[in-house]
Amino acid sequence: MDIIEAKNLFYTYEGEASQRYSLEGIDFRMKAGEFVVLLGQNGSGKSTLAKHFNGLLPLQQGNLYIAGLDVRDPANLWDIRRKCGMVFQNPDNQFISSVIEEDIAFGLENYDFPPEQIAAEVHKALALVGMAGFEKKSPHMLSGGQKQRVALAGVLAISPEIIIFDESTAMLDIQGRQEILQTIQQLHQAEHKSIIHITHRMEEAVLADRIDLMKAGRIVASGPPRRILADLPLLTSANLLPPLPVRLYEDLRNAGIHLAECPLTIHELTEQLCRLS
Amino acid sequence: MSIVVENVSYRYAAGTPLESAALKQISFTIQPGEFIGILGHTGCGKSTLIQLIAGVLTPATGRILLDGKDINQRDFKREYLRKKVGIVFQFPEQQLFEMTVERDVSFGPRQLGLPPSEVQARTRQAIQSVGLDYETVRDLSPLTLSGGEKRRAAIAGILAMEPEILILDEPIAGLDPVTRKDFMAFIRRLHQEGKTILMVSHDIDELSAFSSRLLVLDHGELILDNTPEKIFADKARLSELRLGVSQPKEIVDSLREKGIDLPSDIFRYEPLLTALINRFGGQNE
(Lines give C-alpha, C1' and ligand atoms only; values in the text may rest on other atoms or scores of the structure.)
Protein backbone atom coordinates (compact mmCIF):
# COMPACT_ATOMS: atom_id res chain seq x y z
CA MET A 1 0.00 0.00 0.00
CA ASP A 2 1.28 3.46 -0.89
CA ILE A 3 1.11 6.14 1.76
CA ILE A 4 -0.62 8.49 -0.69
CA GLU A 5 -2.86 7.23 -3.47
CA ALA A 6 -4.62 9.87 -5.54
CA LYS A 7 -6.64 8.97 -8.56
CA ASN A 8 -8.13 11.38 -11.09
CA LEU A 9 -8.41 14.42 -8.84
CA PHE A 10 -10.21 17.47 -10.18
CA TYR A 11 -10.55 20.71 -8.28
CA THR A 12 -11.94 24.17 -9.02
CA TYR A 13 -11.99 27.20 -6.75
CA GLU A 14 -14.90 28.72 -8.64
CA GLY A 15 -17.91 26.49 -8.08
CA GLU A 16 -19.24 23.51 -9.98
CA ALA A 17 -20.33 25.36 -13.10
CA SER A 18 -16.78 26.59 -13.72
CA GLN A 19 -14.53 25.23 -16.43
CA ARG A 20 -11.41 26.72 -14.81
CA TYR A 21 -9.85 23.75 -13.05
CA SER A 22 -6.88 24.09 -10.74
CA LEU A 23 -6.41 20.33 -10.77
CA GLU A 24 -7.27 18.44 -13.93
CA GLY A 25 -7.10 14.71 -13.51
CA ILE A 26 -4.19 14.19 -11.12
CA ASP A 27 -2.88 10.69 -10.46
CA PHE A 28 -0.30 10.72 -7.70
CA ARG A 29 1.22 7.87 -5.70
CA MET A 30 3.88 8.01 -3.08
CA LYS A 31 5.64 5.25 -1.18
CA ALA A 32 6.23 5.54 2.55
CA GLY A 33 9.62 7.14 3.15
CA GLU A 34 9.86 8.77 -0.25
CA PHE A 35 11.08 12.36 -0.73
CA VAL A 36 9.13 14.01 -3.53
CA VAL A 37 9.61 17.55 -4.80
CA LEU A 38 6.71 19.21 -6.59
CA LEU A 39 7.91 21.66 -9.22
CA GLY A 40 5.84 23.92 -11.40
CA GLN A 41 5.21 27.55 -12.12
CA ASN A 42 2.96 29.72 -9.96
CA GLY A 43 -0.62 28.64 -10.46
CA SER A 44 0.22 25.14 -11.74
CA GLY A 45 -1.63 23.48 -8.86
CA LYS A 46 1.16 22.39 -6.49
CA SER A 47 -0.33 23.87 -3.31
CA THR A 48 -3.85 22.92 -4.35
CA LEU A 49 -2.75 19.31 -4.69
CA ALA A 50 -0.80 19.32 -1.42
CA LYS A 51 -3.73 20.83 0.48
CA HIS A 52 -5.79 17.79 -0.48
CA PHE A 53 -3.38 15.47 1.30
CA ASN A 54 -4.23 16.71 4.78
CA GLY A 55 -7.82 17.64 4.11
CA LEU A 56 -7.35 21.41 3.96
CA LEU A 57 -9.25 21.33 0.69
CA PRO A 58 -12.25 19.05 0.29
CA LEU A 59 -12.27 16.38 -2.37
CA GLN A 60 -14.45 17.47 -5.30
CA GLN A 61 -13.77 14.70 -7.78
CA GLY A 62 -11.60 11.60 -7.74
CA ASN A 63 -10.33 9.26 -5.06
CA LEU A 64 -7.74 9.91 -2.42
CA TYR A 65 -6.33 7.65 0.29
CA ILE A 66 -3.83 8.80 2.90
CA ALA A 67 -2.18 5.85 4.68
CA GLY A 68 -5.17 3.79 3.56
CA LEU A 69 -7.72 6.23 4.96
CA ASP A 70 -10.40 7.45 2.56
CA VAL A 71 -10.37 11.26 2.53
CA ARG A 72 -14.01 11.31 1.47
CA ASP A 73 -15.13 9.95 4.85
CA PRO A 74 -15.42 12.89 7.29
CA ALA A 75 -14.80 10.51 10.19
CA ASN A 76 -11.21 10.08 8.94
CA LEU A 77 -10.32 13.77 8.87
CA TRP A 78 -8.66 14.00 12.27
CA ASP A 79 -6.63 10.86 11.67
CA ILE A 80 -5.56 12.11 8.27
CA ARG A 81 -4.41 15.44 9.69
CA ARG A 82 -2.44 13.54 12.26
CA LYS A 83 -0.73 11.45 9.61
CA CYS A 84 0.00 14.36 7.32
CA GLY A 85 1.36 17.66 8.65
CA MET A 86 2.05 20.79 6.68
CA VAL A 87 4.53 23.66 7.04
CA PHE A 88 3.75 26.85 5.14
CA GLN A 89 5.65 29.72 3.58
CA ASN A 90 5.49 32.43 6.19
CA PRO A 91 6.46 31.17 9.67
CA ASP A 92 4.92 34.22 11.35
CA ASN A 93 1.46 33.16 10.24
CA GLN A 94 1.74 29.77 11.93
CA PHE A 95 2.19 30.63 15.59
CA ILE A 96 -0.74 30.66 17.95
CA SER A 97 1.11 31.31 21.19
CA SER A 98 3.83 33.71 22.31
CA VAL A 99 5.64 30.93 24.18
CA ILE A 100 7.24 28.23 22.08
CA GLU A 101 6.36 25.26 24.30
CA GLU A 102 2.70 26.32 24.43
CA ASP A 103 2.65 26.70 20.68
CA ILE A 104 3.95 23.19 20.16
CA ALA A 105 1.73 21.71 22.87
CA PHE A 106 -1.35 23.03 21.06
CA GLY A 107 -1.52 20.15 18.59
CA LEU A 108 -0.87 17.57 21.29
CA GLU A 109 -3.63 18.98 23.49
CA ASN A 110 -6.03 18.82 20.58
CA TYR A 111 -5.22 15.17 20.13
CA ASP A 112 -5.87 14.49 23.82
CA PHE A 113 -2.33 13.61 24.78
CA PRO A 114 -2.04 12.88 28.52
CA PRO A 115 -0.97 16.22 30.04
CA GLU A 116 1.92 14.64 31.96
CA GLN A 117 3.49 13.46 28.68
CA ILE A 118 3.16 16.73 26.82
CA ALA A 119 6.32 18.41 28.11
CA ALA A 120 8.41 15.42 27.08
CA GLU A 121 6.82 15.33 23.62
CA VAL A 122 7.40 19.06 23.15
CA HIS A 123 11.03 18.63 24.10
CA LYS A 124 11.40 15.69 21.72
CA ALA A 125 9.93 17.67 18.82
CA LEU A 126 12.18 20.66 19.48
CA ALA A 127 15.22 18.38 19.74
CA LEU A 128 14.38 16.88 16.33
CA VAL A 129 14.67 20.31 14.70
CA GLY A 130 17.70 21.34 16.75
CA MET A 131 15.79 23.84 18.88
CA ALA A 132 15.91 22.16 22.30
CA GLY A 133 16.34 24.75 25.05
CA PHE A 134 14.05 27.29 23.39
CA GLU A 135 10.90 26.06 25.20
CA LYS A 136 10.29 29.22 27.20
CA LYS A 137 11.24 31.70 24.48
CA SER A 138 8.90 33.65 22.24
CA PRO A 139 8.78 32.65 18.57
CA HIS A 140 8.96 36.32 17.67
CA MET A 141 12.49 36.63 19.03
CA LEU A 142 13.87 34.03 16.61
CA SER A 143 15.54 34.24 13.21
CA GLY A 144 13.58 33.18 10.12
CA GLY A 145 15.14 29.72 9.97
CA GLN A 146 14.58 29.18 13.68
CA LYS A 147 10.94 30.27 13.40
CA GLN A 148 10.38 27.88 10.54
CA ARG A 149 11.99 25.05 12.52
CA VAL A 150 9.71 25.79 15.48
CA ALA A 151 6.70 25.74 13.13
CA LEU A 152 7.96 22.36 11.92
CA ALA A 153 8.35 21.13 15.52
CA GLY A 154 4.67 21.96 16.06
CA VAL A 155 3.88 19.62 13.20
CA LEU A 156 6.35 16.93 14.28
CA ALA A 157 4.97 16.83 17.83
CA ILE A 158 1.97 14.82 16.69
CA SER A 159 4.26 12.36 14.86
CA PRO A 160 2.95 12.60 11.31
CA GLU A 161 4.14 10.07 8.75
CA ILE A 162 3.99 12.59 5.92
CA ILE A 163 5.28 16.15 6.12
CA ILE A 164 4.48 18.68 3.42
CA PHE A 165 6.66 21.75 3.06
CA ASP A 166 4.70 24.29 1.02
CA GLU A 167 7.42 26.72 -0.07
CA SER A 168 8.71 26.70 3.49
CA THR A 169 12.13 27.90 2.35
CA ALA A 170 10.93 30.73 0.09
CA MET A 171 11.03 33.54 2.64
CA LEU A 172 14.23 32.51 4.39
CA ASP A 173 17.74 33.87 4.00
CA ILE A 174 20.56 31.57 2.91
CA GLN A 175 21.34 30.45 6.42
CA GLY A 176 17.70 29.77 7.32
CA ARG A 177 17.18 27.87 4.10
CA GLN A 178 20.15 25.62 4.78
CA GLU A 179 18.86 24.93 8.30
CA ILE A 180 15.49 23.80 6.95
CA LEU A 181 16.99 21.72 4.15
CA GLN A 182 19.27 19.91 6.59
CA THR A 183 16.31 19.25 8.85
CA ILE A 184 14.27 17.92 5.92
CA GLN A 185 17.06 15.57 4.90
CA GLN A 186 17.48 14.36 8.45
CA LEU A 187 13.73 13.68 8.80
CA HIS A 188 13.85 11.78 5.53
CA GLN A 189 17.00 9.76 6.17
CA ALA A 190 17.03 9.19 9.93
CA GLU A 191 13.32 9.34 10.80
CA HIS A 192 12.11 7.80 7.52
CA LYS A 193 9.38 10.39 7.15
CA SER A 194 7.63 10.76 3.82
CA ILE A 195 8.39 14.24 2.52
CA ILE A 196 6.66 16.42 -0.04
CA HIS A 197 8.59 19.60 -0.69
CA ILE A 198 7.19 22.38 -2.85
CA THR A 199 9.87 24.77 -4.04
CA HIS A 200 10.98 26.97 -6.91
CA ARG A 201 14.64 26.43 -6.19
CA MET A 202 16.23 23.92 -8.50
CA GLU A 203 19.16 23.37 -6.15
CA GLU A 204 16.64 22.09 -3.57
CA ALA A 205 14.88 19.87 -6.11
CA VAL A 206 18.19 18.08 -6.69
CA LEU A 207 17.90 16.55 -3.19
CA ALA A 208 14.67 14.63 -3.89
CA ASP A 209 14.19 10.94 -4.69
CA ARG A 210 11.64 11.97 -7.28
CA ILE A 211 10.42 15.15 -8.92
CA ASP A 212 6.86 15.55 -10.12
CA LEU A 213 6.51 18.38 -12.58
CA MET A 214 3.17 20.18 -12.69
CA LYS A 215 1.71 22.32 -15.39
CA ALA A 216 -1.79 23.79 -15.57
CA GLY A 217 -3.27 21.38 -13.03
CA ARG A 218 -1.63 18.25 -14.41
CA ILE A 219 1.46 16.23 -13.58
CA VAL A 220 3.35 16.28 -16.87
CA ALA A 221 6.47 14.39 -15.80
CA SER A 222 7.68 12.30 -12.89
CA GLY A 223 11.14 10.89 -12.34
CA PRO A 224 14.51 11.19 -10.62
CA PRO A 225 16.11 14.66 -10.51
CA ARG A 226 18.84 13.60 -12.91
CA ARG A 227 16.28 12.89 -15.61
CA ILE A 228 13.88 15.79 -15.00
CA LEU A 229 16.32 18.63 -14.31
CA ALA A 230 18.61 17.85 -17.24
CA ASP A 231 15.69 17.74 -19.68
CA LEU A 232 15.67 21.29 -21.03
CA PRO A 233 12.76 20.90 -23.50
CA LEU A 234 10.64 19.42 -20.71
CA LEU A 235 11.49 22.22 -18.26
CA THR A 236 10.88 24.84 -20.92
CA SER A 237 7.51 23.33 -21.80
CA ALA A 238 6.52 23.60 -18.12
CA ASN A 239 7.76 27.20 -18.07
CA LEU A 240 10.64 26.43 -15.74
CA LEU A 241 14.34 27.22 -15.88
CA PRO A 242 17.08 24.62 -15.40
CA PRO A 243 19.50 24.72 -12.47
CA LEU A 244 22.43 27.00 -13.23
CA PRO A 245 24.91 24.12 -13.80
CA VAL A 246 22.58 22.61 -16.43
CA ARG A 247 22.24 25.97 -18.16
CA LEU A 248 26.00 26.38 -18.17
CA TYR A 249 26.47 22.82 -19.50
CA GLU A 250 24.15 23.61 -22.42
CA ASP A 251 25.72 27.00 -23.16
CA LEU A 252 29.21 25.48 -23.08
CA ARG A 253 28.09 22.68 -25.39
CA ASN A 254 26.74 25.23 -27.85
CA ALA A 255 30.15 26.88 -27.74
CA GLY A 256 31.83 23.57 -28.60
CA ILE A 257 32.90 22.63 -25.07
CA HIS A 258 31.60 19.20 -24.11
CA LEU A 259 31.42 17.96 -20.55
CA ALA A 260 31.15 14.20 -20.11
CA GLU A 261 27.88 14.40 -18.17
CA CYS A 262 25.27 17.02 -17.44
CA PRO A 263 26.02 18.30 -13.90
CA LEU A 264 23.17 19.09 -11.50
CA THR A 265 25.17 20.76 -8.75
CA ILE A 266 27.98 23.28 -8.62
CA HIS A 267 30.19 20.58 -7.15
CA GLU A 268 29.55 18.23 -10.09
CA LEU A 269 30.09 21.08 -12.52
CA THR A 270 33.46 22.12 -11.14
CA GLU A 271 34.61 18.48 -10.99
CA GLN A 272 33.78 18.05 -14.67
CA LEU A 273 35.47 21.29 -15.66
CA CYS A 274 38.59 20.22 -13.80
CA ARG A 275 38.66 17.02 -15.79
CA LEU A 276 38.73 19.08 -18.99
CA SER A 277 41.94 20.87 -18.10
CA MET B 1 14.47 63.04 -6.87
CA SER B 2 16.74 61.83 -4.07
CA ILE B 3 16.23 60.34 -0.63
CA VAL B 4 18.70 61.05 2.15
CA VAL B 5 18.71 58.78 5.18
CA GLU B 6 20.64 60.69 7.83
CA ASN B 7 21.80 59.13 11.12
CA VAL B 8 18.59 57.20 11.45
CA SER B 9 18.04 54.95 14.45
CA TYR B 10 14.95 53.03 15.45
CA ARG B 11 14.04 51.05 18.55
CA TYR B 12 11.16 48.63 18.88
CA ALA B 13 9.04 48.70 22.02
CA ALA B 14 10.88 51.80 23.22
CA GLY B 15 10.41 52.45 26.92
CA THR B 16 9.43 48.85 27.76
CA PRO B 17 11.57 45.97 29.06
CA LEU B 18 11.37 44.46 25.56
CA GLU B 19 13.05 47.46 23.96
CA SER B 20 15.46 46.45 21.24
CA ALA B 21 17.47 48.42 18.72
CA ALA B 22 16.36 47.69 15.17
CA LEU B 23 18.52 50.25 13.38
CA LYS B 24 21.59 52.09 14.58
CA GLN B 25 22.82 55.34 13.04
CA ILE B 26 22.10 54.54 9.40
CA SER B 27 23.18 57.05 6.77
CA PHE B 28 23.09 56.79 3.00
CA THR B 29 21.72 58.62 -0.02
CA ILE B 30 19.61 57.25 -2.83
CA GLN B 31 20.47 59.15 -6.00
CA PRO B 32 18.07 59.45 -8.92
CA GLY B 33 18.34 56.52 -11.33
CA GLU B 34 20.18 54.16 -9.00
CA PHE B 35 19.41 50.46 -8.65
CA ILE B 36 20.25 49.57 -5.09
CA GLY B 37 20.04 46.10 -3.57
CA ILE B 38 19.73 45.56 0.19
CA LEU B 39 21.07 42.34 1.68
CA GLY B 40 21.07 40.98 5.19
CA HIS B 41 19.81 38.17 7.37
CA THR B 42 16.27 37.95 8.64
CA GLY B 43 15.96 40.41 11.50
CA CYS B 44 18.81 42.68 10.38
CA GLY B 45 16.51 45.68 10.01
CA LYS B 46 15.84 45.71 6.26
CA SER B 47 12.07 45.89 6.51
CA THR B 48 12.26 48.43 9.35
CA LEU B 49 14.37 50.64 7.12
CA ILE B 50 11.80 50.46 4.35
CA GLN B 51 8.98 51.27 6.73
CA LEU B 52 10.92 54.30 7.91
CA ILE B 53 11.43 55.52 4.35
CA ALA B 54 7.72 54.94 3.71
CA GLY B 55 6.92 57.10 6.71
CA VAL B 56 5.03 54.24 8.36
CA LEU B 57 7.49 54.36 11.27
CA THR B 58 9.13 57.49 12.66
CA PRO B 59 12.86 57.37 13.42
CA ALA B 60 13.95 57.65 17.06
CA THR B 61 16.85 59.82 15.94
CA GLY B 62 17.93 61.22 12.59
CA ARG B 63 16.01 62.39 9.55
CA ILE B 64 14.74 61.11 6.24
CA LEU B 65 14.80 63.74 3.52
CA LEU B 66 12.88 63.60 0.27
CA ASP B 67 14.32 66.22 -2.06
CA GLY B 68 15.78 67.97 0.96
CA LYS B 69 12.55 67.99 2.98
CA ASP B 70 12.19 66.06 6.23
CA ILE B 71 9.28 63.66 5.72
CA ASN B 72 8.52 63.63 9.44
CA GLN B 73 8.16 67.39 9.75
CA ARG B 74 4.65 68.52 10.47
CA ASP B 75 4.34 70.71 7.39
CA PHE B 76 5.56 67.98 5.04
CA LYS B 77 2.86 66.90 2.60
CA ARG B 78 2.55 63.13 2.97
CA GLU B 79 0.61 62.89 -0.30
CA TYR B 80 3.77 63.99 -2.04
CA LEU B 81 5.68 61.06 -0.54
CA ARG B 82 2.89 58.63 -1.47
CA LYS B 83 2.88 59.87 -5.05
CA LYS B 84 6.60 59.90 -5.63
CA VAL B 85 7.70 56.84 -3.68
CA GLY B 86 5.96 53.56 -4.41
CA ILE B 87 6.48 50.89 -1.81
CA VAL B 88 5.81 47.22 -2.34
CA PHE B 89 5.78 45.59 1.07
CA GLN B 90 6.33 41.89 1.74
CA PHE B 91 3.41 39.74 0.62
CA PRO B 92 1.65 42.63 -1.14
CA GLU B 93 -0.95 40.12 -2.31
CA GLN B 94 -2.35 40.08 1.23
CA GLN B 95 -3.46 43.66 0.69
CA LEU B 96 -5.72 43.03 -2.30
CA PHE B 97 -9.19 44.02 -1.18
CA GLU B 98 -11.42 45.09 -4.06
CA MET B 99 -14.04 43.04 -5.90
CA THR B 100 -12.18 43.07 -9.21
CA VAL B 101 -8.59 43.39 -10.31
CA GLU B 102 -9.41 46.59 -12.19
CA ARG B 103 -10.97 48.19 -9.09
CA ASP B 104 -8.04 47.13 -6.96
CA VAL B 105 -5.33 48.42 -9.28
CA SER B 106 -7.17 51.66 -9.93
CA PHE B 107 -7.76 52.39 -6.24
CA GLY B 108 -4.65 54.58 -5.89
CA PRO B 109 -5.12 56.67 -9.06
CA ARG B 110 -8.80 57.17 -8.16
CA GLN B 111 -7.69 58.86 -4.93
CA LEU B 112 -5.56 61.30 -6.92
CA GLY B 113 -8.63 62.94 -8.47
CA LEU B 114 -7.59 62.07 -12.01
CA PRO B 115 -10.18 62.03 -14.83
CA PRO B 116 -11.73 58.54 -15.29
CA SER B 117 -10.13 58.09 -18.71
CA GLU B 118 -6.69 58.72 -17.21
CA VAL B 119 -7.42 56.34 -14.34
CA GLN B 120 -8.43 53.64 -16.79
CA ALA B 121 -5.41 54.23 -19.03
CA ARG B 122 -3.02 54.00 -16.08
CA THR B 123 -4.75 50.90 -14.76
CA ARG B 124 -4.60 49.14 -18.11
CA GLN B 125 -0.95 50.04 -18.56
CA ALA B 126 0.01 48.96 -15.04
CA ILE B 127 -1.75 45.60 -15.40
CA GLN B 128 -0.17 44.93 -18.79
CA SER B 129 3.25 45.97 -17.54
CA VAL B 130 3.27 43.29 -14.83
CA GLY B 131 2.57 40.68 -17.49
CA LEU B 132 -1.13 40.14 -16.87
CA ASP B 133 -3.65 40.41 -19.69
CA TYR B 134 -5.89 43.39 -18.94
CA GLU B 135 -8.96 42.07 -20.76
CA THR B 136 -8.68 38.66 -19.11
CA VAL B 137 -8.18 39.74 -15.52
CA ARG B 138 -9.93 43.11 -15.23
CA ASP B 139 -13.26 41.69 -14.07
CA LEU B 140 -11.89 38.74 -12.09
CA SER B 141 -11.85 38.78 -8.33
CA PRO B 142 -8.23 39.13 -7.19
CA LEU B 143 -8.83 36.12 -4.96
CA THR B 144 -9.24 33.78 -7.94
CA LEU B 145 -5.74 34.56 -9.22
CA SER B 146 -2.78 32.31 -8.45
CA GLY B 147 -0.14 33.38 -5.92
CA GLY B 148 2.20 34.87 -8.50
CA GLU B 149 -0.62 36.61 -10.34
CA LYS B 150 -1.90 38.12 -7.10
CA ARG B 151 1.57 39.43 -6.33
CA ARG B 152 1.74 41.05 -9.74
CA ALA B 153 -1.75 42.52 -9.46
CA ALA B 154 -0.78 44.09 -6.14
CA ILE B 155 2.37 45.56 -7.65
CA ALA B 156 0.34 46.91 -10.58
CA GLY B 157 -1.62 48.91 -8.00
CA ILE B 158 1.61 50.62 -6.92
CA LEU B 159 2.79 51.21 -10.49
CA ALA B 160 -0.52 52.81 -11.42
CA MET B 161 0.51 55.63 -9.08
CA GLU B 162 3.50 56.21 -11.40
CA PRO B 163 6.07 56.66 -8.63
CA GLU B 164 9.57 57.91 -9.41
CA ILE B 165 11.17 55.75 -6.76
CA LEU B 166 10.12 52.15 -6.36
CA ILE B 167 10.99 50.31 -3.17
CA LEU B 168 10.44 46.56 -3.12
CA ASP B 169 10.65 44.32 -0.04
CA GLU B 170 11.32 40.71 -1.09
CA PRO B 171 9.28 41.02 -4.28
CA ILE B 172 10.42 37.76 -5.86
CA ALA B 173 10.26 35.41 -2.88
CA GLY B 174 7.90 32.59 -3.76
CA LEU B 175 7.75 33.34 -7.47
CA ASP B 176 8.60 30.54 -9.89
CA PRO B 177 11.86 30.90 -11.85
CA VAL B 178 10.30 32.12 -15.09
CA THR B 179 7.99 34.56 -13.33
CA ARG B 180 10.99 35.71 -11.31
CA LYS B 181 13.05 36.22 -14.46
CA ASP B 182 10.20 38.09 -16.18
CA PHE B 183 9.65 40.15 -13.08
CA MET B 184 13.31 41.13 -12.82
CA ALA B 185 13.38 41.98 -16.53
CA PHE B 186 10.36 44.16 -15.89
CA ILE B 187 12.05 45.90 -12.95
CA ARG B 188 15.13 46.43 -15.10
CA ARG B 189 12.93 48.00 -17.78
CA LEU B 190 11.39 50.37 -15.21
CA HIS B 191 14.92 51.24 -14.13
CA GLN B 192 15.99 51.90 -17.73
CA GLU B 193 12.96 54.13 -18.16
CA GLY B 194 14.35 56.26 -15.37
CA LYS B 195 12.83 54.93 -12.17
CA THR B 196 15.00 54.65 -9.10
CA ILE B 197 14.89 51.16 -7.61
CA LEU B 198 15.61 50.00 -4.07
CA MET B 199 15.12 46.29 -3.64
CA VAL B 200 15.43 44.03 -0.60
CA SER B 201 16.02 40.37 -1.33
CA HIS B 202 17.66 37.21 -0.02
CA ASP B 203 18.35 36.22 -3.60
CA ILE B 204 21.96 37.23 -3.97
CA ASP B 205 22.06 35.98 -7.58
CA GLU B 206 19.30 38.33 -8.68
CA LEU B 207 20.51 41.28 -6.62
CA SER B 208 24.06 41.04 -7.88
CA ALA B 209 22.89 40.62 -11.48
CA PHE B 210 20.90 43.86 -11.44
CA SER B 211 22.14 46.25 -8.76
CA SER B 212 24.75 48.90 -9.31
CA ARG B 213 25.16 49.24 -5.56
CA LEU B 214 24.59 46.91 -2.63
CA LEU B 215 23.87 47.81 0.98
CA VAL B 216 24.51 45.13 3.59
CA LEU B 217 22.76 45.41 6.95
CA ASP B 218 23.77 43.37 9.96
CA HIS B 219 22.21 43.63 13.41
CA GLY B 220 20.74 47.02 12.59
CA GLU B 221 23.94 48.52 11.26
CA LEU B 222 24.81 49.45 7.70
CA ILE B 223 28.13 47.67 7.43
CA LEU B 224 28.76 47.62 3.68
CA ASP B 225 27.76 50.12 1.00
CA ASN B 226 29.54 49.54 -2.28
CA THR B 227 29.39 48.15 -5.82
CA PRO B 228 28.78 44.38 -6.09
CA GLU B 229 32.33 44.03 -7.53
CA LYS B 230 33.89 45.50 -4.41
CA ILE B 231 31.61 43.63 -2.03
CA PHE B 232 32.21 40.24 -3.63
CA ALA B 233 35.96 40.88 -3.68
CA ASP B 234 36.10 40.61 0.12
CA LYS B 235 35.22 36.97 0.47
CA ALA B 236 36.41 36.63 4.05
CA ARG B 237 34.05 39.41 5.14
CA LEU B 238 31.12 37.83 3.30
CA SER B 239 31.61 34.41 4.79
CA GLU B 240 32.00 36.01 8.22
CA LEU B 241 28.57 37.55 7.61
CA ARG B 242 27.30 34.18 6.33
CA LEU B 243 25.62 35.86 3.39
CA GLY B 244 26.98 33.61 0.69
CA VAL B 245 27.86 34.69 -2.84
CA SER B 246 26.14 34.41 -6.22
CA GLN B 247 26.32 31.01 -7.93
CA PRO B 248 28.66 32.23 -10.72
CA LYS B 249 30.99 33.60 -8.05
CA GLU B 250 30.84 30.31 -6.17
CA ILE B 251 31.78 28.43 -9.36
CA VAL B 252 34.69 30.77 -10.10
CA ASP B 253 36.03 30.54 -6.54
CA SER B 254 35.74 26.77 -6.51
CA LEU B 255 37.57 26.46 -9.85
CA ARG B 256 40.29 28.84 -8.75
CA GLU B 257 40.81 26.77 -5.61
CA LYS B 258 41.26 23.75 -7.87
CA GLY B 259 44.02 25.57 -9.71
CA ILE B 260 42.08 26.73 -12.76
CA ASP B 261 43.05 30.26 -13.63
CA LEU B 262 39.99 32.51 -14.04
CA PRO B 263 39.51 36.20 -13.26
CA SER B 264 38.47 36.46 -9.62
CA ASP B 265 36.10 39.41 -10.11
CA ILE B 266 33.36 37.47 -11.92
CA PHE B 267 30.01 37.27 -10.15
CA ARG B 268 27.46 37.30 -13.00
CA TYR B 269 26.49 34.54 -15.41
CA GLU B 270 27.47 36.02 -18.78
CA PRO B 271 31.04 36.93 -17.80
CA LEU B 272 31.42 33.45 -16.29
CA LEU B 273 30.34 31.79 -19.54
CA THR B 274 32.73 33.98 -21.55
CA ALA B 275 35.62 33.24 -19.21
CA LEU B 276 34.98 29.49 -19.35
CA ILE B 277 34.80 29.57 -23.16
CA ASN B 278 38.08 31.51 -23.25
CA ARG B 279 39.69 29.07 -20.84
CA PHE B 280 38.41 25.76 -22.23
CA GLY B 281 37.41 26.60 -25.81
CA GLY B 282 39.24 24.83 -28.61
CA GLN B 283 41.05 22.31 -26.43
CA ASN B 284 38.72 19.34 -26.79
CA GLU B 285 37.76 19.61 -30.40
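In this predicted model, Arg201(A) and Asp203(B) form a salt bridge whose closest N and O atoms lie 3.9 Å apart. Across the interface of chain A and chain B, three salt bridges are found. Polar contacts at this interface comprise nine residue pairs, both partners being at pLDDT 80 or more.

Helices α6 (174–189), α10 (244–254) and α11 of chain A each provide at least two of the residues that touch chain B. Of these, α11(A) gives the most, with seven residues. Sorted by class, the side of chain A that touches chain B holds 17 nonpolar, 15 polar and eight charged residues.

The overall extent of the interface may be considered next. The size of an interface is often expressed as the accessible area lost when the parts come together. Between chain A and chain B, the buried area is about 3,800 Å², and carbon and sulfur atoms account for 61% of it. In terms of residues, 40 of chain A are in contact with 43 of chain B.

Helix α11 of chain A, spanning residues 266–276, also contains Glu268(A). Glu268(A) is classed as partly exposed because its relative accessible area is 24%, a value that falls between the limits of 20% and 50%. Leaving aside residues up to four places away in sequence, Glu268(A) touches Arg226(A), Cys262(A) and Pro263(A). The C-alpha atom of Glu268(A) is separated by 8.4 Å from that of Pro245(A), a residue 23 positions away along the chain.

Methods:
Residues are numbered from 1 along each chain as its sequence is written. Chains are lettered from A and ligands numbered from 1 in the order in which they are written. This is a predicted model: local features need pLDDT of at least 70, side-chain atom pairs count only at pLDDT 80 or more; totals for chains, interfaces and linings use all residues. Side-chain values use heavy atoms; hydrogens and water are left out. Helices (H or I, at least four residues) and strands (E, at least two) are DSSP runs, numbered from the N terminus. Buried means under 20% relative accessible area, exposed over 50%, partly exposed in between (1.4 Å probe, protein chains only). Contact means heavy atoms within 4.5 Å. Buried area is the accessible area (1.4 Å probe) that two parts lose on being put together, summed over both. A salt bridge is a side-chain nitrogen of Lys or Arg within 4 Å of a carboxyl oxygen of Asp or Glu. A polar contact is a pair of N or O atoms within 3.5 Å; within protein, one must be able to donate a hydrogen and the other to accept it, and residues adjacent in sequence count only if both atoms are side-chain atoms. Ala, Val, Leu, Ile, Met, Phe, Trp, Tyr, Cys and Pro count as nonpolar, Asp, Glu, Lys and Arg as charged, and the others, Gly among them, as polar.
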